[in-house]
Each structure stands twice: as structure tokens, then as C-alpha cells.
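Please open the structure in your viewer and keep the selection panel at hand. The stops below say what to select next and what is there.

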Amino acid sequence: TRSGAVLARTERLGRQRALELFLTTPERPGGLPRRVAPSAPADLCLLDAPLSEVLTDPSSDHVVATIVRGEVIFQSRRDSK
């Protein structure tokens, strides 16, 4: 909540598990995670750090690019190093 109160504490998920629920196919929620493979539609979110690090500080600031069905729909304007 805005005040910081936690609701339904026993029903909450960790960050890793919450993310895993978005990695399956829409037709098989909770199934095996999708994989990047040749000729498969690319749905990717590229981050500026390893996932384990980003999950300790989840923020959209870590997103470098977002690709949906092989098309870049977002690319960070940060200077590349």
C-alpha cells in the first residue's frame, strides 16, 4: 500500500518466482519457460546487469531494450560505453 503496509503477507511471491510466472507461454501458464531459438518470435528484455543483480534493485532504469516479436519497441537513450 502507499503507507507501506503489507497485505496478505502469506500470499506474496519472491521477485524471482514472480518473474518466472511471466516467462511461460500464454497457452501454458506455469509451464516450462520459453527459450530463445532460431525462427522463434523474439520477446526479450535486455538489461544492463545480470538478472540476479537487477532483482535486488528492480527498476525500469535497468532496461536497455525491449523486443517484441523481433521488433525493437524500446531502446534506452543512454550513451553506450
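**First stop: Ser 76**

Select Ser 76 and show its surroundings: leaving aside residues up to four places away in sequence, Ser 76 touches Val 63 and Val 64, where contact means heavy atoms within 4.5 Å. This is a predicted model, in which local features need pLDDT of at least 70 and side-chain atom pairs count only at pLDDT 80 or more, whereas totals for chains, interfaces and linings use all residues. Residues are numbered from 1 along each chain as its sequence is written, and side-chain values use heavy atoms, with hydrogens and water left out.

Ser 76 sits in the segment after β3 (71-75); helices (H or I, at least four residues) and strands (E, at least two) are DSSP runs, numbered from the N terminus. Is Ser 76 buried or exposed? Ser 76 has a relative accessible area of 19% and is buried, given that buried means under 20%, exposed over 50% and partly exposed in between, with a 1.4 Å probe and protein chains only.

**Second stop: the salt bridges**

The structure holds two salt bridges, each being a side-chain nitrogen of Lys or Arg within 4 Å of a carboxyl oxygen of Asp or Glu. For one of them, select Arg 17 and Glu 20, whose side chains meet at 3.4 Å, N to O. Both residues belong to helix α1 (residues 15-20), where they are three residues apart, about one turn of the helix. Arg 17 is partly exposed at 41% relative accessible area, and Glu 20 is also partly exposed, at 31%.

Next select Arg 34 and Asp 43, which form a salt bridge with their closest N and O atoms 3.4 Å apart. Arg 34 is partly exposed, with a relative accessible area of 40%, and Asp 43 is partly exposed at 38%.
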